[in-house]
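Please look over the protein shown here before reading the notes that come after it. They are written for a reader who is meeting this structure for the first time.

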Amino acid sequence: MKSNMMDSATTKSNLLFKVLLGAAFVAAIFLNFYYELGNHLSFQSIKANQTRLQEQFLTAPVLTGCAFGLIYVLVTALSIPGAAVLTLAAGAIFGIWYGTLIVSFASTIGATLAFLASRFLFKDFFEQKFSERFSTINQGIKKDGAVYLFTLRLIPAVPFFLVNILMGLTKIPTLTFFFVSQVGMLAGTIVYVNAGTQLSQLESPQDIISLKIISSFVALGFFPLVAKSLLRFFKARKYLSKFTKPKKFDYNMVVIGAGSAGLVSAYIASAVKAKVALIEKHKMGGDCLNSGCVPSKALIRSAKIFNYIKRGEEFGITSSARPEVHFSKVMERVQSIIKDIEPHDSAQRYTKLGVDCVSGDARVISPYEVRVNNRVLTTKNIVIATGARPFIPQLKGLESVAYLTSDNIWTLQALPKKLVVLGGGPIGCELAQAFARFGSQVSIIEMADRLLAREDVDVSEMIHDHFTKEGVSIYKSHKAVEIVQRHGKNILICEHDGQHIDIEFDQILLALGRKANVSGFGLEELNVEIAKNGTVAANEFLQTTNYPNIYTCGDVTGPYQFTHTASHQAWYVAVNALFSPFKKYKVDYRVIPWCTFTDPEVARVGLNEAEATEKKIPFAVTKYNIDDLDRAITDGEAHGFVKVLTKPNSDVILGVTIVGSHAGDIIAEYVAAMKHGFGLNKILGTIHIYPTLAEANKLAAGVWKRENTPQYAFVWLKRFHDWRRGS
């Protein structure tokens, strides 16, 4: 009882103190504005009183310095604007060394007081209100809090008062905050105080052109850049200092993974005469060649040809024979196409190009060493290009069936009678339609309320309509719960609106996305940072966030898991790894196109309506229906649309979605337009061959022009032509 009473008294005492402290802050801010104290903290005011202040400093240096320091502490502690001016004033009054000494300690003491006040007043409230989020933040602060704080202190663009308040809400120790702030702000303090010593010499406008003053302003401008470089240096040193750096290296670059990203980065390195090793444990070419783009498009092509044969009567072709699918021969064709393309990605070709191709399991044992086949390769840079694999869900009973993924479906020799496809994304939709066309009874199970959930609703609806016409059963808003066997048959139990639905199948295909390959080859031991989505975390130069000489590209890092973006990233990785710090480039994701190869195809670049709305980006929509296009009509493919998002009252393209035959080819013109900055007016003014599907782009631009031409212009045009006729 006594303990409870003491706790209650302590709580009341803390609450009272918080109220009083908060009231003091409010009163100080009110007095600051009421008496316009900010006017006394302007450089004009300091300049006007400069002579008097300097004389006072010469008469009583310690007292003047202490008084100035106390004012600085109060300004900083109360987060009153004026600290930057006071720092310049310190240089003008006290000179660089004494001024730096005063400001360095006063700013740190004031910052710590603001930090403690924020912690006392607000920390408990925010931790209770946002407990889960703050738990994550505090884990990061515990691990790298000093580095985060040092980063913020080095960059003057980040308001220091904001750093004080926000850090007070975390669990960073007070002493750590004090000493890191003292060191982190020192360089900036010296630069600002030095600028102040030069500004004190200004007597007339002509004085501005003096070399010393110009040099001080240049230092002030360059300080953020120097600070960032220092930060990168110290952060890199924190991790690299744990390892012994070889005096010389076997390679300039070692690439782990010979998929699209690895092949391109190795190719570029060899092209610029760097020594590069490429390690692959499975097959050269990676997923794209062996289990992704190449085999899937070969399968889709066979399915499309068979579908055209079945549609023969539409084109005036009849046959008494009923067309049949020899599925094993279809799969033989798939494998033969892989073999035809294999030489492009083969070890023999890359060896001729100057790449050392190594087959085996790679393991990163340090930022400078990779072990493979009991051999250790030393390297200046490492490239992680290990790709991704199909995501396998935690589905009860899944282990009881030989499930299919995009990796192993190519081993099938018999067409499944009943195929369940788990997932209505691009991979699931492409393969579902292909197997349905071959004759499988296909069911797509999708948790979302529509197929291709990343696309706009009108896109999803069109694909849904085409699939249902072709006999595909689509179960939207269904969640797979369990796989069971009943009477020798496989049953997938799904949940929908609180009810269980049974779906029978012979084979089940898992098409729920892909998971980055980040484990099993040494990244864990090096503590390479893994992002929340399971990919290797990387900065804008595609360096891993804690090792500047370990780069990453392709599906293993994202954010886009496409072959063409992997190749795109690989160029940046190779150039940055081989030529940094002399030259490096930030990866450019501004114009990334992609295509889902269903029939009709769905191609997109830039924003769609859903994304633009979510990001609150103003846009206008222009839509051209392809059923009006002559070439589409002659081809029997008169369906789909071109939808262009532009800035309001402008022809600047924000994004394009095309649904239709060969949409992935048609969209290339818009990709070029967005990349090189020309709009719909230029597309409208470009001659397109007639009759082609690409004419859809010109016609869409024509729709935009009609919709954006002011109506009053037509009124005046009519009057003009009436006048020409003499009416």
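The briefing below goes from the whole chain to selected helices, salt bridges and a surface patch.

This is a predicted model, in which local features need pLDDT of at least 70 and side-chain atom pairs count only at pLDDT 80 or more, while totals for chains, interfaces and linings use all residues. Residues are numbered from 1 along each chain as its sequence is written, and side-chain values use heavy atoms, with hydrogens and water left out.

**Overall picture**

- The secondary structure comes to 26 helices and 21 strands, where helices (H or I, at least four residues) and strands (E, at least two) are DSSP runs numbered from the N terminus.
- Of the 727 residues in the protein, 46% are buried; buried means under 20% relative accessible area, exposed means over 50%, and partly exposed lies in between (1.4 Å probe, protein chains only).
- The accessible surface of the protein is about 38,400 Å², and 60% of this belongs to carbon and sulfur atoms, with areas taken from the Shrake-Rupley method with a 1.4 Å probe and, for residues, only the protein chains shown counting as cover.
- Among contacts (heavy atoms within 4.5 Å) between residues at least 6 apart in sequence, 65% join residues at least 24 apart.

**Salt bridges**

- A search of the whole structure finds 21 salt bridges, each being a side-chain nitrogen of Lys or Arg within 4 Å of a carboxyl oxygen of Asp or Glu.
- Asp-287 pairs with Arg-514 in a salt bridge whose closest N and O atoms are 2.5 Å apart; the pair links distant parts of the chain, with Asp-287 in helix α12 (residues 286–290) and Arg-514 in strand β15 (residues 514–516), 227 residues apart.
- Lys-643 forms a salt bridge with Glu-609 at 2.8 Å between the closest N and O atoms; Lys-643 lies in strand β20 (residues 641–646) and Glu-609 in helix α20 (residues 609–614), so the pair ties together parts that are 34 residues apart in sequence.
- Lys-643 is buried, with a relative accessible area of 1%, whereas Glu-609 counts as partly exposed at 26%.
- Salt bridges that share partners join Asp-456, Asp-458, Glu-609, Lys-623 and Lys-643 into one network.

**Packing of helices α11 and α19**

- Helix α11 (residues 260–271) and helix α19 (residues 563–579) pack at an angle of about 35° with their axes 8 Å apart.
- The residues of α11 that meet α19 include Val-264 and Ile-268, and those on the α19 side include Ala-570 and Trp-571.

- Leu-101, Phe-105, Ile-109, Leu-113 and Leu-116 form a nonpolar patch on the surface, with about 430 Å² of accessible area together; patches are made of residues with over 30% relative accessible area and no salt bridge, like charges being joined within 9 Å and nonpolar side chains (Val, Leu, Ile, Met, Phe, Trp, Tyr) within 5 Å.
- Leu-101 is found in helix α6 (residues 96–129) and counts as partly exposed at 46% relative accessibility.
- Ser-118 also lies in helix α6, but Ser-118 counts as buried at 4% relative accessibility.
- Leaving aside neighbours within four places in sequence, Ser-118 is in contact with Lys-123, Asn-164, Ile-165, Gly-168 and Leu-169.

How values were computed:
Axes are lines fitted to C-alpha atoms, for helices over the stretch in contact, and angles run from 0 to 180 degrees between N-to-C directions.
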